[in-house]
Amino acid sequence: MKSESSSSGQSKQGAAPPCAACKLLRRRCAGGCIFSPHFPSDQPQKFAIVHKVFGASNVSKMLQLPEHLRSDAVSSMVYEGQRKLALAEAEVVQLRMNDQFNPSTSLTDAVTSTSPRQGVLPVGHDGSK
Ligand SMILES: [Zn+2]
């Protein structure tokens, strides 16, 4: 009987986890990753939002700003992204509501268009012999 001493799946070096951006983009998070100071791995939501709304290329473009402007730019981008996502969700809800209204309006249309027909029945003229 062999006693297996701790062979758990721990990695050799204490490598830092990839930042939220690299994790989502499935890239290798290199040492000088421009995303990692602004999108830490413990806040994946932050990058997910800006990635969804603005796209990764725009985010990386923004991170080419002078360093002292970046964190401001990132936080306003995250804020804007959250707002846009909330608006988009509201629009989807509105669209669904409109969808539910449409059938009822066409139903009343059908009713009003059939009713006048009863009075316009042509009367047979039967006097020509
Ligand atoms: Zn990274």
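The protein has four helices and zero strands, and its elements run α-α-α-α from the N terminus on. Helices (H or I, at least four residues) and strands (E, at least two) are DSSP runs, numbered from the N terminus.

This is a predicted model, in which local features need pLDDT of at least 70 and side-chain atom pairs count only at pLDDT 80 or more, while totals for chains, interfaces and linings use all residues. Residues are numbered from 1 along each chain as its sequence is written.

## Confidence

The predictor's confidence in each residue is given as pLDDT, from 0 to 100. The protein averages a pLDDT of 80, and 66% of the residues score at least 70. Among the elements, α2 has the highest mean pLDDT (96) and α4 the lowest (82).

Over residues 6–12 pLDDT stays under 50, and the model has zero contacts beyond four places in sequence for them. Two residues are in contact if their C-beta atoms, placed from the backbone, lie within 7 Å. Where pLDDT is low, the predicted coordinates should not be read in detail.

## Burial and the nonpolar core

Buried residues make up 12% of the 129 residues in the protein. A residue is buried if 20 or more other C-beta atoms lie within 10 Å of its own, exposed if 12 or fewer, and partly exposed in between, with C-beta atoms placed from the backbone.

A nonpolar core is a set of buried Ala, Val, Leu, Ile, Met, Phe, Trp, Tyr and Cys residues joined through C-beta atoms within 7 Å. The largest such core has twelve residues, including Cys19, Phe35, Phe39, Leu63 and Met77. Helices α1 (20–25), α2 and α4 (67–114) each supply at least two residues of this core. The largest share, three residues, comes from α4.

## Helix α2

Helix α2 covers residues 44–54, and its buried residues are Lys46, Phe47 and Val50. Seen down the helix axis, these buried residues fall within an arc of 85 degrees, so they line one face of α2. The arc is that of the directions from the helix axis to the C-beta atoms. Just after α2, Gly55 takes a positive phi of about 90 degrees.

Leaving aside neighbours within four places in sequence, Phe39 is in contact with Cys19, Ala20, Ala21, Lys46 and Phe47.

Val74 lies in helix α4. Val74 is buried, because 21 other C-beta atoms lie within 10 Å. Val74 and Phe39 are 35 residues apart along the chain, and their C-alpha atoms are separated by 8.9 Å.
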